[in-house]
Amino acid sequence: MPTPPAGPGVSPPFAAPPTEGRNTRLWLGLGAGALAVLLCCGGGGAAVVGLVVTGVQAIREQGRTVSTDYYRALVERKYGAAYDQLCDDAQRRESRREFERRVAAEPQIATFRVGDVDTVSLTVPVDVTYSGGRQDRQEVTLGQDQQTGGMEVCGVS
C-alpha cells in the first residue's frame, strides 16, 4: 500500500467521517422517536379513558331516566306504561295483568325523588311519599336490554 506523500496541503485519498455532532444527532433522533411513541400511546390511553367516562355517564343518565319514567307512570296510575319499563325477566315473572292488579292494590305513590345510580351494582335509590304521607326508600335494580342496549327496571325492593 502506498503511503501518501508527506508535506503541507496534502489531502488523503478519501474524506474523513465527521466527528463533531454525532452524539447530538443520535440523541435528537432518539428523543423524536420517544416523543412519537409517547404521543401515540398517550393519545390511545386518553381515548380509552374518555370512552370509559362517557360510558359511565350514559349508564347514570339512562338509569335515572328509566327510574323516573317508571315512578312517574306509577304516580299517574299508568300501570301499563310502568310495566313497559320492566326488563324481560321481570315481565316473564309477572304478566301485565298481574302487575297492574298488584300495583293498583298497593299504596298510591304521591311523589318520589330518584337518587344517583350506583354504576357498580346498577341500583338506584328512590325516596317515595305515599298519598297517606308515609315515606319510604326503595331501591330499583337495573338491567340492560339485550336488544336495544338501554337500561330497564328489573326489580324494586
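**Close-up views of a predicted model**

Buried residues (under 20% relative accessible area, with exposed meaning over 50% and partly exposed in between, using a 1.4 Å probe and protein chains only) make up 25% of the 157 residues in this protein. This is a predicted model, where local features need pLDDT of at least 70, side-chain atom pairs count only at pLDDT 80 or more, and totals for chains, interfaces and linings use all residues. Residues are numbered from 1 along each chain as its sequence is written, and side-chain values use heavy atoms, leaving out hydrogens and water.

**View 1. The overall layout runs α-α-α-α-β-β-β-β along the sequence.** That gives four helices and four strands, which are DSSP runs numbered from the N terminus (helices: H or I, at least four residues; strands: E, at least two).

**View 2. Here is the salt bridge between arginine 72 and aspartate 69.** A salt bridge puts a side-chain nitrogen of Lys or Arg within 4 Å of a carboxyl oxygen of Asp or Glu, and a search of the whole structure turns up eight. In this one, N and O sit 3.6 Å apart. Both residues belong to helix H1, three residues apart, or about one turn of the helix. Arginine 72 counts as partly exposed at 40% relative accessibility, and so does aspartate 69 at 31%.

**View 3. Aspartate 127 pairs with arginine 113 and also with arginine 137.** For arginine 113, the closest N and O atoms are 3.2 Å apart. That pair links distant parts of the chain, 14 residues apart: arginine 113 is in strand E1 (residues 109–114) and aspartate 127 in strand E2 (residues 123–130). For arginine 137, the closest N and O atoms are 2.8 Å apart. Arginine 137 lies in strand E3 (residues 135–144) and aspartate 127 in E2, so this pair ties together parts ten residues apart in sequence. Aspartate 127 is partly exposed, at 25% relative accessibility, while arginine 137 is exposed, at 51%.

**View 4. Serine 157 sits in the segment after E4.** Serine 157 is exposed, with a relative accessible area of 61%. What separates the C-alpha atoms of serine 157 and glutamine 138? The separation is 5.6 Å, though the two residues are 19 residues apart along the chain.

**View 5. Tryptophan 27 is found in helix H1 (residues 22–75).** At 58% relative accessibility, tryptophan 27 counts as exposed.
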